[in-house]
Amino acid sequence: MINILIPACGGADFFKESYYPKNLYEVNGKPMIEQVIGNYESIREKRFIYILLQEECNKFHTDNIISLLTEDVDIIRLKALTGGALCSCLMAVEYIDNETELIISNNDQIIDVDFEQVLAQFRDKETDCGVICFDAIHPRWSYVRCIEEHVVEAAEKRPISHNAIAGFYYFKRGLDFIAAAKAAIKKGSTHDDKYYITSAINEMILMNKTVRIYSIADGTYHSLYSPEKIRQYEKGES
């Protein structure tokens with residue numbers, strides 16, 4: 001069993017013109033939230049943990065929709081936005097502060113990959129923390145820098161290599177992520193006054209944990225962060 005944690009409560013500036021929230025914006029005729037859950041079909045034994053805004057659940061019943069899409073799920077409903085994705089993930093501490101493997105994933109992406117193969121590589125190489133990466137240099141993404149096979153630095157919205165993070169973070173033990181996240185927050189490791197998962201990766205490195213990447217081919221990572229990117233994906237352009 002592996003926990004798949006999806007924080008889906010951040011701001012969605014590109015979707016302000018839409019009546020429905022970003023989670024329900026349709027992609028190829030299905031709500032984005034359904035596409036994201038379906039992307040992990042290749043992982044056989046999994047439990048989803050979704051973090052949502054209570055206001056969104058009250059108005060659009062997003063929590064009910066998730067429960068209909070997957071039986072094995074825990075849903076956390078927040079009354080307000082947190083200090084960033086890292087803080088939101090810590091709201092799931094009671095579910096992930098354990099020895100169980102953990103995936104943290106963006107709520108607005110599709111990756112054309114067999115996740116079981118990704119996990120098998122991380123496990124075979126005794127990886128404590130791993131990220132899926134694609135080739136890019138635009139500052140909209142997060143990045144990691146490697147020496148040989150090992151990640152030695154992570155940066156938020158700052159190209160330090162060609163290894164852009166595809167919104168997928170693996171931790172061999174959920175408790176390691178919790179410890180790293182708390183250490184990052186204690187140090188005030190923010191970008192534009194928000195806490196991101198990349199700061200936890202840097203703490204994993206400082207803890208002498210093994211951090212690696214899984215590289216994917218061009219055109220296999222599809223970010224759905226804006227209506228324009230969704231249209232490109234629907235046309236097969238991304």
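Predicted model: local features only at pLDDT ≥ 70, side-chain atom pairs only at ≥ 80, totals over all residues.
Colleague: At what angle do helix 7 and helix 8 pack, and are they roughly parallel or roughly perpendicular?
Modeller: Helices here are DSSP runs (H or I, at least four residues), and strands are E runs of at least two, numbered from the N terminus. Axes are lines fitted to C-alpha atoms, for helices over the stretch in contact, and angles run from 0 to 180 degrees between N-to-C directions. Helix 7 (174–187) and helix 8 (197–206) have axes 8 Å apart, at about 105°. Angles of 65 to 115 degrees count as roughly perpendicular (under 35 parallel, over 145 antiparallel, the rest oblique), so helix 7 and helix 8 are roughly perpendicular.

Colleague: Which classes of residue make the contact of helix 7 with helix 8?
Modeller: Contact means heavy atoms within 4.5 Å. Ala, Val, Leu, Ile, Met, Phe, Trp, Tyr, Cys and Pro count as nonpolar, Asp, Glu, Lys and Arg as charged, the others, Gly among them, as polar. The tally is nine nonpolar, one polar and three charged.

Colleague: Is Ser199 buried or exposed?
Modeller: Ser199 sits in helix 8. Beyond neighbours within four places in sequence, Ser199 contacts Leu86, Ala184 and Ser189. Buried means under 20% relative accessible area, exposed over 50%, partly exposed in between (1.4 Å probe, protein chains only). At 10%, Ser199 is therefore buried.

Colleague: Where is Ala12, and what is its relative accessible area?
Modeller: Ala12 lies in the loop between strand 1 (2–7) and strand 2 (26–27). Its C-alpha is 6.5 Å from that of Lys22, ten residues apart along the chain. Ala12 is partly exposed, at 26%.

Colleague: How many residues does the largest nonpolar core have?
Modeller: A nonpolar core is a set of buried Ala, Val, Leu, Ile, Met, Phe, Trp, Tyr and Cys residues joined through side-chain atoms within 4.5 Å. Phe168 is among those with the most contacts inside the largest core. The largest core has 47 residues.

Conventions. Residues numbered from 1 in each chain as written. Heavy atoms only, no water.
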